[in-house]
There are 2 protein chains.
Amino acid sequence: MDEEVKLLGSWLSPMSRRVEVGLKLKGVSFEFSDLDVFFSKPPELLQYNPVHKKIPVLIHHGKPIAESLIILEYIDETWADSGIRLLPKDPYERAMARFWAKFFDDKCSLPLWMSCWTEGDKQQQILAESKLNLTTMEGALKGKKFFGGDEIGIVDIIVFCSVYWAEIAQEVVGVNVINEEKHPVLCKWMKETVDSNVLKDYMPPREKLFCHFQTYKDAIAALMTARFGSN
Amino acid sequence: MDEEVKLLGSWLSPMSRRVEVGLKLKGVSFEFSDLDVFFSKPPELLQYNPVHKKIPVLIHHGKPIAESLIILEYIDETWADSGIRLLPKDPYERAMARFWAKFFDDKCSLPLWMSCWTEGDKQQQILAESKLNLTTMEGALKGKKFFGGDEIGIVDIIVFCSVYWAEIAQEVVGVNVINEEKHPVLCKWMKETVDSNVLKDYMPPREKLFCHFQTYKDAIAALMTARFGSN
């Protein structure tokens with residue numbers, strides 16, 4: 001491959017999927033290394049991301065970049081003239097995109113996911129946190145087609161991947177994390193984005209993810225509890 | 001003022017100081033609003049940063065931007081041709097700067113600070129965390145004059161402000177958070193950066209900060225404990 005672009009990721013990870021989507025929207029060819037990171041840390045990961053030991057890692061001409069938001073900015077700057085812009089051109093709009101991307105990652109992403117894998121009081125606490133922060137997030141979307149305005153951008157990509165995963169997980173475990181009553185603006189945007197087919201084609205098949213969650217739900221809950229705090 | 005640049009900050013905050021330094025290194029004139037945020041949230045803060053209710057907030061032509069790293073990127077893009085570059089030009093080097101800035105903010109900044117305001121087991125745990133993460137941070141600096149190479153950049157600014165604050169606080173409270181034995185690379189860089197006078201002139205006077213910490217140390221410890229967890 002001329003560009004020597006390789007992505008260390010996993011079909012199972014919404015963080016990895018963000019980067020896949022970014023590369024595809026930019027029309028960048030890449031080799032995908034689908035790592036099994038569920039119970040172990042493959043040597044490639046330790047070599048290319050020794051600080052965090054996490055996917056995704058983008059390797060471009062042999063040089064690694066970690067952290068999904070940082071990778072998406074790198075993709076946007078490196079292939080500036082290909083495909084769509086992931087971040088707006090205007091500095092103020094770029095700052096707003098960064099602000100909401102960071103807010104989602106700091107405040108929404110983990111609670112949204114952990115709401116599905118906790119129980120009892122802990123779950124109720126996380127559900128409340130998730131609801132509150134997603135409502136704040138809706139403020140950035142109100143009255144707009146996409147988070148960035150009329151065009152899909154970095155915030156749409158990252159929120160879409162997480163909500164896609166969470167909607168399937170909540171069905172498997174029977175928790176009501178996100179729905180039209182709680183988050184009408186987000187659900188409307190999700191539905192319209194799915195209908196427009198811009199991002200949905202890049203997601204793993206719903207049934208495949210559903211089966212995975214169904215099969216491994218106890219193992220996932222145990223792993224999440226070990227990683228992010230007791231139940 | 002032509003540019004209508006206003007910074008909501010506090011002379012007491014290293015996060016606010018980052019932005020002040022960024023603006024000064026760019027040669028941008030600005031009005032500084034020194035808010036008393038120690039025990040309250042001034043109305044301007046609630047108006048201009050309703051999501052996080054925190055300083056710093058940069059207001060440019062009436063439009064607010066929050067989060068210090070996002071503000072620094074905005075400053076670099078908006079006044080691209082003035083003063084020094086805060087982020088490198090090359091996309092890979094930019095990604096590296098963003099990676100280490102995020103690592104410092106996620107993993108070092110709070111432990112470095114909280115090491116000074118905790119006691120007992122909690123303090124020992126935070127000191128260990130701080131030491132480990134700052135050692136990782138030193139990996140990004142080894143063999144280089146500044147984090148970004150030969151020129152001062154965004155990572156130098158944010159680390160310098162935090163270490164400057166922590167060194168004074170540790171002297172007041174009698175804790176050994178950072179020293180040449182623990183972090184030789186970082187301490188050498190700190191000393192050389194102080195000697196070169198590029199950043200030191202933009203810091204608050206050492207004595208003023210020392211007196212503040214000395215006077216309010218019990219109140220600061222109580223506030224930090226309330227904000228970031230029990231002792």
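A polar contact is a pair of N or O atoms within 3.5 Å; within protein, one atom must be able to donate a hydrogen and the other to accept it, and residues adjacent in sequence count only if both atoms are side-chain atoms. By that rule, chain B and chain A share eight residue pairs in polar contact, both residues being at pLDDT 80 or more. The model is predicted, so local features need pLDDT of at least 70 and side-chain atom pairs count only at pLDDT 80 or more, while totals for chains, interfaces and linings use all residues. Residues are numbered from 1 along each chain as its sequence is written, chains are lettered from A in the order in which they are written, and side-chain values use heavy atoms, with hydrogens and water left out.

Let's stay with the two chains. On the side of chain B that touches chain A, the elements giving two or more residues are strand E4 (63–66), helix H3 (68–78) and helix H4 (91–114) of chain B; helices (H or I, at least four residues) and strands (E, at least two) are DSSP runs numbered from the N terminus. H4(B) gives the most, with eleven residues. In all, 24 residues of chain B are in contact (heavy atoms within 4.5 Å) with 24 residues of chain A. The two chains bury about 2200 Å² between them, 71% of it on carbon and sulfur atoms; buried area is the accessible area (1.4 Å probe) that two parts lose on being put together, summed over both. B:Ile70, B:Tyr92 and B:Phe99 supply 27% of the area that chain B buries here, more than any other three residues.

Charge features here too: the rule finds eight salt bridges across this interface, a salt bridge being a side-chain nitrogen of Lys or Arg within 4 Å of a carboxyl oxygen of Asp or Glu. One to look at joins B:Glu73 and A:Arg98 (3.4 Å, N to O).

Now for the symmetry. A rotation of 180 degrees with 0.0 Å of shift along its axis superposes chain B on chain A, with RMSD 0.0 Å, by least squares on the C-alpha atoms of residues with pLDDT of at least 70 in both. The two copies are thus related as by a two-fold rotation axis. Because 100% of the interface residues of chain B are also interface residues in chain A, the copies meet through the same surface.

Within chain A, the automatic or database assignment gives domain 1 (5–78) and domain 2 (91–228). Between these domains there are two salt bridges. A:Asp105 forms a salt bridge with A:Arg18, their closest N and O atoms being 2.7 Å apart.
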